[in-house]
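Welcome! Please take a look at the sequence and the model below, and then we will walk through a few of the features together.

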Amino acid sequence: MKALGMKSSFNRSQIFLALCVVALTGCSGTNGETSEKTSPMSGIAMADKVCSMCHGLTGESVSPMFPKLAGQQKEYLKLQLADFKGHVRSDKTGTQYMWGFTHLTETQISELADYFSSQNPMKADADKPDARGELIFRKGLPGSGVAQCNSCHGADGQGNGPFPRLAGQHAEYMIRQLKVFQQTDQRPRGALMKQVTHSLNDEDAASVAHYIATLGAKK
């Protein structure tokens, strides 16, 4: 059963990537003649027809497998899309779902970043804030060499330029990314995060992620 489940997941991923490639490069003719690729669709059309399948039409994704993009920092989005395009970001979910976007143009990247950054900011969980997580977010853990999150991501987790908005993001997604930063070099732009989180234990990582998920406008 486990093998069957893995095969099913793999097939879904391959189908998704195939859809991405078709959407980005167009379809070729079947009459033996070489046909030109269709013009790339606009960023807004791509958000509607491709990105929405995982991230939601407005970037308010339902599944914690996929990050919320609603109200995300424009500069951060552009940098991440460029990394996916160039296969620089190689974390597991990035390679599984985003490496099909090799043919993104600079215009599409800019339009996608404009579209999602202009949406209403991602909605926060209504759960009670985690006290330990709040301490780490606002004060850090100086004794362990863990800097406070708000020094880069803003007092309310709103982000700033290349530093992403965190407020309202799925806690489960953030926990996974913290582990990527800690344990791998699969996100090269996360060198600073690797330094910040190297001594953050699993319990504290979960606490700060769940606290951040409660920031921002409530659902």
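## Some ground rules

Helices (H or I, at least four residues) and strands (E, at least two) are DSSP runs, numbered from the N terminus. This is a predicted model, so local features need pLDDT of at least 70 and side-chain atom pairs count only at pLDDT 80 or more, while totals for chains, interfaces and linings use all residues. Residues are numbered from 1 along each chain as its sequence is written, and side-chain values use heavy atoms, with hydrogens and water left out.

The residues lining the second largest pocket are Met65, Asp91, Lys92, Thr93, Gln96, Tyr97, Arg176, Gln177 and Val180. By class, this lining has three nonpolar, three polar and three charged residues. Ala, Val, Leu, Ile, Met, Phe, Trp, Tyr, Cys and Pro count as nonpolar, Asp, Glu, Lys and Arg as charged, and the others, Gly among them, as polar.

Axes are lines fitted to C-alpha atoms, for helices over the stretch in contact, and angles run from 0 to 180 degrees between N-to-C directions. Helix α6 (residues 131-139) packs against helix α10 (residues 202-212) at about 85 degrees, with axes 7 Å apart. That makes α6 roughly perpendicular to α10 (65 to 115 degrees). The contact of α6 with α10 has five nonpolar, two polar and four charged residues.

For α2 and helix α5 (residues 106-117), the axes come within 8 Å and cross at roughly 75 degrees. These two helices, α2 and α5, are therefore also roughly perpendicular to each other. Gly43, Ile44, Met46, Ala47 and Cys51 in α2 meet Gln108, Glu111, Leu112, Tyr115 and Phe116 in α5 (contact means heavy atoms within 4.5 Å).

Terms used. Parallel < 35°, antiparallel > 145°, perpendicular 65-115°, else oblique. 1 Å grid on protein atoms, 1.4 Å probe; cavity = no way out; pocket = protein on both sides within 12 Å on 5 of 7 lines; lining within 4 Å.
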